[in-house]
Amino acid sequence: AKSKHASADRIVNVTDLLAGTIGQALSSVPERENGVSEESSYDSLLLPPHHADTEQPADIYLLEELIPETVLNSVSGFSREIRTADSQLLAEWREEEKYQSYVLSWLSVERLNQLREHSRYHYKPLLRGLVCLHFLLAFYLIPIRKKQSSRQLLEEVDYFPTELRDFCIASFADKTAGISQENAYSLSKRLKDKLLLLIITTAVILEDYSMDVATLISNVGLQPESARKYFLSVGCRFESNYPKKRKLNQDTNRNVPLKIFLPAPLQLPKRSFFRNKF
């Protein structure tokens, strides 16, 4: 059973069939024309902070600009546990689904060993970003409701570190007038889109600006035909070789990776994928 109270992190493996289905659907969505656009005021509210003119992918999105330092520091206990995890502990986490499926898929003994070879100033922010991503995914998966009391929302996130909980509510929940003068919140599609773009850019940083997106897509429960626009909206490009005209239930090319990469300088779509509604 899923453990709602996390003392570290969670992951899942995506089946070949799921990867094939998602990949075939993604490849059928045409990309917009490349080119840096003048963002509309709406898109500028959705997109994470970025530096469009840099020559290196690593300088486009900066983890410390995406997630406040106080929030990153609030999960240091979780990241220390991950840093010392061995293969047995990772297997136990997968069995109990301790962390979100994407986070668990990111974790491996080989990857952790590689991180340990680097300076702690390199791997500490990455592991803290990974833990924050676990909680951001959990917040994203809270069902959209037109209105719920602050008490109801706090019950959903009572296991979050305080700083991270406050960041999620302040950034991705609309405060509205409630019943009996109690504060209420709505979790709107607009703010969930904004959160998903933050999730994607954080994952791109963790994956060193090139990744297979199948597990992340599965984790957030996206419909395959709608997934691609989110990656394109933050400047990513797809490397998938799926034929354009494949039926979703066809087995061919099931193992083709659903890879994206982030080119520099940043190239945003010329037209928005989102309806300009506030």
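How many helices and strands are there in the protein chain? The chain holds 14 helices and six strands. The model is predicted. Of the 278 residues in the protein chain, 48% are buried.

**Chain overview**

- Take the contacts in the protein chain with a separation of 6 or more: 76% of them join residues 24 or more positions apart.
- Buried residues account for 48% of the chain.

**Cavities**

- Searching the whole structure turns up two cavities of 30 Å³ or more.
- The largest cavity has a volume of about 40 Å³.
- Its lining consists of Phe139, Tyr140, Phe172, Leu187, Leu191, Lys192 and Leu195.
- Two elements each give two or more residues to this lining: helix 9 (120-140) and helix 12 (189-206).
- Helix 12 contributes the most, with three residues.
- By class, the lining of the largest cavity has six nonpolar residues, no polar residue and one charged residue.
- Lys192 is the charged one, because Lys counts as charged.

**Helix 11 against helix 12**

- Helix 11 spans residues 162-172 and packs on helix 12.
- The angle between the two is about 130°, and their axes lie 9 Å apart.
- Helix 11 is therefore oblique to helix 12.
- On the helix 11 side, the contact uses Phe167, Ser171 and Phe172.
- On the helix 12 side, the partners are Leu191, Lys194, Leu195 and Leu198.
- The residues of this contact divide into five nonpolar, one polar and one charged.
- Phe172, Leu191 and Leu195 take part in the contact of helix 11 with helix 12, and these three residues also line the largest cavity.

- Where is Ala52 found? Ala52 sits in the loop between helix 2 (41-46) and helix 3 (63-66).
- Which residues does Ala52 touch, not counting residues up to four places away in sequence? With those left out, Ala52 touches Pro265 and Leu266.
- Ala52 and Leu266 are 214 residues apart along the chain.
- Their C-alpha atoms are separated by 4.7 Å.
- With its separation of 214 residues, this pair belongs with the contacts between residues 24 or more positions apart, which make up 76% of those with a separation of 6 or more.

Key
Residues are numbered from 1 along each chain as its sequence is written. This is a predicted model: local features need pLDDT of at least 70, side-chain atom pairs count only at pLDDT 80 or more; totals for chains, interfaces and linings use all residues. Side-chain values use heavy atoms; hydrogens and water are left out. On a 1 Å grid over the protein atoms alone, a cavity is a set of points where a 1.4 Å probe fits but cannot get out, and a pocket is an open set with protein on both sides within 12 Å along at least five of seven lines; lining residues have an atom within 4 Å of a point. Grid points are joined across faces, edges and corners, and a volume is the space filled by probe spheres set on the points. Helices (H or I, at least four residues) and strands (E, at least two) are DSSP runs, numbered from the N terminus. Axes are lines fitted to C-alpha atoms, for helices over the stretch in contact, and angles run from 0 to 180 degrees between N-to-C directions. Angles under 35 degrees count as roughly parallel, over 145 as roughly antiparallel, 65 to 115 as roughly perpendicular and the rest as oblique. Contact means heavy atoms within 4.5 Å. Buried means under 20% relative accessible area, exposed over 50%, partly exposed in between (1.4 Å probe, protein chains only).
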